[in-house]
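The structure comes first, then a short walk through its contacts.

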Amino acid sequence: MPGGRDQSPDGRAHSRDGRPPAALPDLPATDVERRAGGRAARKRAGRGTLGDWAEGDRGHDALKTILAQNQIRVPELVPIRHQRMAASPWNYYRGAAAVMAADLASQPSSGLMVQLCGDAHVLNFGLWATPERNLGFDLRDFDETLPGPFEWDVKRFAASLVVAARENRLKPARADAAVAAGVEAYRARMRRYTTMPELDIWYDAIHADRLVNYFEPADRGRVSIHIEKKRARRTSRGAFAKLTTMANGRPRITPDPPLRVTLSDEEQADLVGELLASYRLTLAEDRRSLFDRFTEVDAVRQVVGVGSVGMRVYLVLLEGRTGADPLFLQVKQAGPSVYEAHIQPSRHASHGERVVSGKRMIQSATDIFVGWGPLHGRDYYVRQFRDMKIIPATDLIAPRLAEFATACGETLARAHARTGDPVAIDGYMGKGPKFTAAIGRFAHLYADQNDRDHAQLVSAIAAGAVEARPG
Amino acid sequence: MAVQKVQKIAHPSIDDRKAKGLEARDRASLSSHTKWAPAADRPDPVALLVEQDATREPDLVPVRHGRMAVSPFTFYRGAAKIMAADLAETPVAGLDAQLCGDAHLSNFGLFASPERILLFDLNDFDETLPGPFEYDVKRMAASFAIAGRNNGFSEADTHAATLKSVQSYREAMASFAQMGTMDIWYAHLDENELMTSIRATVAGTAKQEKTAKKQEKADKQARATKKEQKAAKREKVAREDEKAAKTAEKRAAKTAEKAHTRDSLQALSKLAEQVDGQYRIVSQPPIIVPARDLAATYGLSPDDVVPVLHDQFRAYRATLQDDRRKLLERFQFVDAARKVVGVGSVGTRAFIILLEGRDAQDPLFLQIKEATASVLEAHLPRSRYRQHGERVVQGQRMMQASSDIYLGWTKGLDVRRHFYWRQLRDMKGSVLVDSLQPLGLNFYAGICGWTLARAHARSGDPVAMAEYLGDSDEFDTSITDFSERYADQNERDYQEFVTAIKSGKLEAVEGV
């Protein structure tokens, strides 16, 4: 177990075991003690060793790890997952969080704990509308969230930059520059948090207009226009126009098998009667009363993403006022975090709750409709679908990977500072280039490993050992 | 498989909702809201106040009386219980919403949202309860009639501001009736929108001046002496209006600016002192009494006080959302004190606690206020919350566009006493009502009316309410008529109250 038992999820020296403390927290350590704690962590994992990657120590087979995840998935969707992951090393990387979790756990770690996103690859940063209708830039996928050592998120983020750069045929130097920019931004931002009051850290946020400023002046117009265009389209109303058709005077979500499959009346009744009924109770009272203003109209099973294909995902259409007041909620199955096998089980009884709680801990502002509920013995979480969510387009960010990586690095630091100890993490990373250089080295080595793992999946499909189907 | 019982929630069509609004006119016509005459068996207002004093801190009861005796307006602020009894006698349309219960104009203000934007909203929910929407509208409108008189405005100016608050409520409700459910929920009034709106009002006044000048030119050409004089007068009035508007704009900007500086660090410099390198809250009895001096009052030894506070703090934390609980764990307890606040609520238990984050320069003040039954509960169905602190917090979340992240609740050492918790000074700002000019009060009435309508539209049915309120100004003039009469009633009650103090029947300490 990395980290050791004396480390709590917030990175402090006193144990809280990840559970709400039975007593008031002890006096926070002084800055000097916190910094010393960070430096001592170098004994557990020297900064230079973060750059190492020993394939021989990984202790698992990548393909087996991927296949083991299929157990809780919808069997007929599993071949689609394989097909999508086999499309390219980048797609493989997005779907192979479990592989990387096992790999990260096989290496020495700092033990400086934060609430991990768990899947902080570069395309899991994006824009979405906050409860006060600002456009915020933040992490946006928390399926794997769990308390863990901070550098795991940094490593997954850094390696994703190299894999993405290769995918877009960028020169290796460009990938190096992007990793250096992203990790340096993380380090610099974390340093700033060491002197900030607790509430200022908590409230810190990156708004869309600030995101635009990360780009070169010549690109800012293009980025702004892209954001504005998407923002207008990616709403419940936009989705309503795109995804629904009228049948017998009622709007229905248009089926598009196997990507969108209409649920039978009985399945819909269970979804509403069991899952949404429990979900409703996980909302704060004011939001529950808001939810009650909507009626469920239709629901379909959806296929989304790469790695999560096969996990049950439902799209529910609700209607507020007759005709033009739609609300889409997405219901996503949540299994254990891929890190639970390597750290400790989540303290939450429901994996849906684990995801929602982690999301709130990490994001500077969270969707008002997040909640969770069970269905047929499986855990799910619920969120708004397309609430002005804007996922970066690879073709837009690839030419400006270093700039985008800077915004992501700062965002990741902010996320970690909320739950971890910025002083200890800063003390560990230090002033020199050592940390950044080590992460840069790892990112390349791991991108190579990812290429090999991808090739393994491709040949297994070619040999007929693993089934793949387009979808 | 355990299928949970689905709670059936009605989703009537727009037509049904409109019909419900129209039907409501049979129960209470728009003109039925006019007039006010005290019933023969109207409870004695002073007796109602004395009744409230029974459960309050005895040493603070005279402070409450003193604060209420300052003017008819401060009396009104403290007399929510009296008005609740009076409102119970007035006609209602039967359209319910979550009520603020005490929507007088000083209970609107600025505060920082969780996303660090300065918002204008209702900010006192001690009396919140579901009930007829008219109660809030009447309490708001009457507060404008009383404030206008208090400021020495002409009858016409006072009338205009009162009318404006109701008209703005009605028109805002009509626009919410057209909006999507989520759009209503997200609607808010932030600092930028507020300043833009103020500037537009100011610009409007400037335009009037220009028109007056143009008129003057035309008049000069006509060379009619009488006309010239008239035009000159018109110009003078317009110029004064513009000046007043500019002053109002400056004042509003200043209020917002001041609100930005009102944070825990500023509170620390005002409320705390350093002793042996540790901060502690300064004693300023009877307004601020630190925990170390309070032990005797509550029958605890000084050594017992701290564990009790820690127990309370722990119980409070359990009412927070997971991530905020985690955030609060980063703060440690430093000191606590009793701190008197407000007018009407003086004497109910109110405390502040000082917490410290990364170091002594990272303070956080929380306020703990006692919540008793809403004054409306004597006249409406009881709250569904057994815990009055929870009643206040849930009502606040239902009504505000965005709420303090630190709202929570606890039971006291005496479990019959309930408390709610919030941040003490999170950029809170309020308008100094007595310094407002007619133009300012009128503008303020407009934003209060809009805000109250938004708060009601979140929990009530905006379609039914808008349909009930209608397109004409009948509702506005009816409520304004009531408000003016109720302002008279308030003055009579105030006189009775002052007489009771003078005769020695009631004890009052003034200037505290």
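The paragraphs below go from the chain interface to the domains inside each chain.

This is a predicted model: local features need pLDDT of at least 70, side-chain atom pairs count only at pLDDT 80 or more, and totals for chains, interfaces and linings use all residues. Residues are numbered from 1 along each chain as its sequence is written, and chains are lettered from A and ligands numbered from 1 in the order in which they are written.

Start between the chains. Chain A puts 42 residues into the contact and chain B 42 residues (in contact means C-beta atoms, placed from the backbone, within 7 Å). H12(A) gives the most, 5 residues.

An automatic or database assignment gives domain 1 (31–226 + 391–462) and domain 2 (233–384). Their C-alpha centres lie 26 Å apart. Domain 1 of chain A brings 40 residues to the contact, and domain 2 of chain A brings 28 residues. Among the elements of chain A that each supply at least two residues on the domain 1 side are helix H3 (78–86), strand E1 (113–116) and helix H16 (401–419).

Chain B is divided into domain 1 (14–24 + 38–193 + 428–502), domain 2 (208–261) and domain 3 (264–423). The C-alpha centres of domains 1 and 2 of chain B are 31 Å apart. Their contact takes 10 residues from domain 1 of chain B and 9 residues from domain 2 of chain B. Helix H16 (residues 438–459) of chain B provides the largest share of the domain 1 side, 3 residues.

How values were computed:
Two residues are in contact if their C-beta atoms, placed from the backbone, lie within 7 Å. Helices (H or I, at least four residues) and strands (E, at least two) are DSSP runs, numbered from the N terminus.
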